[in-house]
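Subject: Structure for you to look at

Hello,

I am handing over the structure we spoke about. Please open it alongside the notes in this message.

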Amino acid sequence: MAAATVKVGQLSCTQSKPEAYRGFGRLQATTTEHWDYQDRYTSSFTGIIVKKTPTSLPRGFQDVLSYGSTSATSYKKLQGWSSDQNKWNEKLYPFWKEGDSRWKDCWKGGRVTAKLDSDSPALVGSNVTFFVTLQFPKCQEEDNDGNIVYNRNCTQDPPTSEDQQVYVYNWTEWIDNCVWENCTSNHSHNVFPDGRPFPHHPGWRRRNFVYVFHTFGQYYQTTGRSSAKFSVNTANITLGKHAMAVSIYRRGHSGYVPVARAKAVYSVTDKIPILVSMFQKHDRNISDSIFIKDSPITFDVKIHDPSYYLNNSAISYKWNFGDGSGLFVASSSTTSHTYTLQGNFTLNLTVQAIIPVPCRPVTPTAPLPTSAVTTAASSSSDPSAFVESMEDNPDGGCHIYRNGYYGSGISVVEGILEVNIIQMTSIQMTESQAENSLVDFVVTCQGSLPTDVCTVVSDPTCQVSKSVVCDPVDISDECLLTIRRSFEEPGTYCINITLGDDSSQALASALISVNGGSSYRTTEGVFIFLGLLAVFATIGAFVLYKRYKQYKPIERSAGQTEKQEGLTAYFSSFKAIFFPNTTERNPLLKSKPGIV
């Protein structure tokens, strides 16, 4: 047996280790360090060739996909899935353990991560759907052709022209010169890890990732883009929680390169998954399970059935509200109930689904032989006497029952039931206080006494809030209080006044028109206007008086004389009104009778 010294260097992420060390077989180190084909090694050592075929390589899908856990040894076959005991092609799909440093270098620009989700819990017999999404390093994204490119608005060195694109991986260029027949002749681009050929999808050029899912001792493989979605029927999956793992590989020049792994937990149940939401008009916090007496509570039931397994089922809802009102059965998912007493109650709901299913084959059952004659008779009896094993169904078909249960404890208190604004009064203010308009609102309520009050001032449509003011209140005997609020500008406002306590609240709304200022300012404005009017009238009268004061003898006709005298008399009367104490002499009026 010959000894040899081997210099081991770093491997590229596209080169599998069995390929790099082909011909050496398994190496047994003579130093203190242990050699493992799945780990990176960068030092020199002396070893001897002890075996041609390495034994530490993973043999099957279970070794690669189980994350070190033990796979199920007894299971029912999942439709379209394969046993994880099949051999894994590590030459084409290299396997790296978690923590291997090669994970860092096998994607340009950083590490790719995968997010795996499901829509479980799933009712047994329905489909559970899984969603896996690849999350690329910063500034990287997938384009319409399935290539990985740099985002133009994110990179530090954007392309010089708009038509130029900076690629992370340009897979289109790799396979642009071949059609399906030519490209599929290259086994590195059309074969799954178990050797099966890729399906011929119309968009096969854009499917540059291979997804291998593993659960319940079986695996499922498919190609896709940067995200994948698939469903599996749960009829043959045992009840309880299970792990789903996925390994993702990207296309490479000579094979496929690992890029990410992910794992998620999903559950299968024989109980219908349901969610009950409750709503009450005056309830302040719907999550505290405290409700108000004498106010209806609306119960809305949501059945979690994303695969529509129960679409053709007959579903009933059986309610027991825990207040002695009895059992209530409904066919609608929404119902309401009013508690008339205060206290703590236990709510119980049973949802039952009658699911139509294909009938099983007829199973003949022969009666127990009591004698030779009876046995002979039974062997020659009419086949119609055989009994079919099925459950009773009104429509004569076959079905199964599935139930879902919900229970919750709730508390019922008195609460605030109603709020009314019975009076609005504008406050009269002096001139020094008249910056804002003040309005007093007198409010009453029914039910329990409030501990706080909030006023929301909005536009006339009650859509745009302008101000919100909240204050604590202390009321000991009667729900009657006065709320004073100020308004900076005149106009029409929508007022919402809310009274609340720890568990409830009620609202009253009103429209109010605010004129602005006080009555004192209004009266003052009227006097100022009248004073200005008197001043202008005095100035006008004086100007007219000065114009017609001097006598100008001119020749005119009798008609003109008559008209001029009438005008003079009119202005003389106007002057007498505004200047009653003036004894002005007008030479033109000396000849008129009755005027001194």
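The notes below cover aromatic contacts and then cavities. Please keep in mind that this is a predicted model.

Aromatic contacts

A search of the whole structure gives 27 aromatic pairs. In one of them, the ring centres of tryptophan 107 and phenylalanine 209 are 6.4 Å apart and the planes are at 25°, so this pair counts as stacked. The two residues come from distant parts of the chain, 102 residues apart: tryptophan 107 is in the loop between helix H3 (102-105) and strand E5 (113-118), and phenylalanine 209 is in strand E11 (residues 209-215). Tryptophan 107 is buried, with a relative accessible area of 4%, and phenylalanine 209 is buried at 1%.

Another pair, phenylalanine 213 with phenylalanine 230, is tilted, with 4.2 Å from centre to centre and 50° between the planes. Phenylalanine 213 belongs to strand E11 and phenylalanine 230 to strand E13 (residues 227-233), so the pair ties together parts 17 residues apart in sequence. Both phenylalanine 213 and phenylalanine 230 are buried.

There is also an aromatic cluster formed by Phe61, Trp88, Tyr93, Phe192, Phe198, Tyr219, Tyr249 and Tyr256. Lysine 108 sits over the face of tyrosine 169, 5.1 Å from the ring centre.

Cavities

Five cavities of 30 Å³ or more are present. By class, the lining of the second largest cavity has eight nonpolar residues, one polar and one charged.

Regards

Conventions. Residues numbered from 1 in each chain as written. Predicted model: local features only at pLDDT ≥ 70, side-chain atom pairs only at ≥ 80, totals over all residues. Heavy atoms only, no water. 1 Å grid on protein atoms, 1.4 Å probe; cavity = no way out; pocket = protein on both sides within 12 Å on 5 of 7 lines; lining within 4 Å. Points joined across faces, edges and corners; volume = space filled by probe spheres on them. Nonpolar A, V, L, I, M, F, W, Y, C, P; charged D, E, K, R; others polar. Phe/Tyr/Trp six-rings, centres within 6.5 Å; stacked < 30°, edge-to-face > 60°. Helix = DSSP H or I, 4+ residues; strand = E, 2+ residues; numbered from the N terminus. Buried < 20%, exposed > 50% of the residue type's maximum accessible area, 1.4 Å probe, protein only. Lys NZ or Arg CZ within 6 Å of the ring centre and 35° of its normal.
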